[in-house]
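Please look over this model with me before we discuss it.

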Amino acid sequence: MKRRIFCCVLCFLMVFLTGCGAGGVKVKLPAQEEVTSKTLQDVFGEHGMKVGTCISPYMISQANTEKLILAQFNSITMENNMKPDYVLNQERSQAEGHLVVEYQGDTLKILQWAKTHHLAMRGHTMIWYSQTPEWIFHEGFNTQGAYVDRDEMLLRMEDLIRGTFEELERLGYLDLFYAFDVVNEAWMEDGSLRPTLWSEIIGEDYLWYAFYYADQYAPESIDLYYNDYNAVYKAAALVKMAQSLVDEGGRSLIDGIGLQAHLFTADDLTKYFAAVDQLAETGLKLELTEIDVGLGKYQSAQYPSDTNLRTQGRFFYELIGGLFERADAGRINMDAITFWGFSDGLSWRKEYSPQLYDEELNPKYALYGAMQIKEYAGY
Ligand code: GLA
């Protein structure tokens with residue numbers, strides 16, 4: 001019992017010291033309408049950019065989150081529902097003898113919702129090592145079978161990519177898309193290619209084939225992206241990759257590089273912008289595709305105290321401001337920026353409080369930072 005009480009006191013002290021003591025209690029900021037007549041869409045639009053969020057089925061099923069999304073954002077990316085795990089049909093692949101893409105359930109619901117509300121979409125994602133069913137790599141589309149060979153895997157990759165665009169066209173949603181993540185997270189921080197079943201079965205040129213097929217089957221209006229995190233470490237490898245993704249005539253097969261931007265307030269923005277500038281030299285479009293900025297660093301999340309939230313607000317102000325500045329000066333070609341959600345309560349990294357609004361959808365310094373309203377950005 002004594003020990004329990006001791007633990008409780010200790011916990012209280014820790015929260016007090018890291019929270020209020022070290023940074024002041026959380027302050028409620030004025031509502032967005034009181035601070036500005038603009039929405040996120042207005043602010044980003046002034047710099048020629050769409051502004052996006054990721055979407056889950058839950059977010060569009062609740063009146064308050066749906067209302068916020070429609071007011072603030074004009075582009076969406078499905079958080080999960082277009083990943084290979086969600087769109088590949090094993091039974092039909094076995095019956096038809098080729099890899100079958102079929103959208104169902106929540107994927108269709110979100111597509112229809114986006115169409116009804118005239119939202120632009122990013123497709124996410126086709127070729128990835130994660131959230132991809134293991135059976136697509138095996139003979140008979142069955143994990144009991146041996147791994148297929150390179151030629152068969154190339155056919156399956158082509159089916160996946162062609163099938164995606166055909167399915168979207170068949171269902172009448174292809175026109176919503178302006179960008180597509182063809183390959184996600186293929187590189188490691190040391191500049192080597194991530195070992196995956198795609199690279200092991202096909203070989204290192206699997207990246208080239210992915211863009212070759214995407215270029216062949218996607219309409220011109222859809223920009224084809226490579227998407228990854230840790231840009232600071234991977235920039236050199238991405239520049240090299242971009243130069244290699246050309247067809248026999250030297251034409252580029254890739255249109256853009258997506259920087260996920262799962263960042264932390266402890267990150268060095270000068271280094272981040274150095275990576276952005278290095279990537280801009282490829283001449284490709286750039287988009288920050290999954291922004292969230294956690295409090296603290298990966299190994300140690302910080303408490304959402306006023307001090308820490310202010311630091312986050314300033315980080316968002318500088319990050320988005322630096323991008324606007326570069327875009328306005330023509331130094332980067334960026335037509336959209338996407339946040340990986342909007343509410344701390346619905347974020348995949350909620351322990352780091354990384355978003356623009358808190359769990360009750362109150363604005364944070366982060367929101368006003370992103371909107372370039374310095375007075376409320378934590379300065
Ligand atoms: C990566 C992926 C996203 C998502 C996040 C976690 O960034 O690209 O699709 O899975 O991890 O939400």
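This is a predicted model: local features need pLDDT of at least 70, side-chain atom pairs count only at pLDDT 80 or more; totals for chains, interfaces and linings use all residues.

The numbered points below cover the overall fold, the domains and the ligand.

1. Now the make-up of the chain. The protein chain has 15 helices and 11 strands. Its radius of gyration is 22 Å, close to the 21 Å that the globule rule gives for 379 residues, so the chain is as compact as a globular protein of that length. The C-alpha atoms fill a box of roughly 60 × 60 × 45 Å along the principal axes.

2. Next, packing. Of the 379 residues, 45% count as buried. Take the contacts between residues at least 6 apart in sequence: 74% of them join residues at least 24 apart.

3. How is the chain divided? The domain assignment gives domain 1 as 30–73 + 261–379 and domain 2 as 88–112 + 119–259. The domain centres, taken over C-alpha atoms, are 27 Å apart.

4. Where do the domains meet? In domain 1, 20 residues are in contact with 21 residues of domain 2. On the domain 1 side, at least two residues each come from β1 (50–55), α4 (57–61), α13 (269–280) and β8 (285–294). By class, that side has 10 nonpolar, six polar and four charged residues.

5. Last, the ligand. Which residues are around the ligand? They are His124, Asn184, Tyr229, Gln260, Glu290 and Trp348. By class, this shell has two nonpolar, three polar and one charged residues.

Notes:
Residues are numbered from 1 along each chain as its sequence is written. A residue is near a molecule or strand if its C-beta atom, placed from the backbone, lies within 6 Å of it. Ala, Val, Leu, Ile, Met, Phe, Trp, Tyr, Cys and Pro count as nonpolar, Asp, Glu, Lys and Arg as charged, and the others, Gly among them, as polar. Domain bounds come from an automatic or database domain assignment. Two residues are in contact if their C-beta atoms, placed from the backbone, lie within 7 Å. Helices (H or I, at least four residues) and strands (E, at least two) are DSSP runs, numbered from the N terminus. The radius of gyration is taken over C-alpha atoms; the globule rule is 2.2 Å times the number of residues to the power 0.38. A residue is buried if 20 or more other C-beta atoms lie within 10 Å of its own, exposed if 12 or fewer, and partly exposed in between; C-beta atoms are placed from the backbone.
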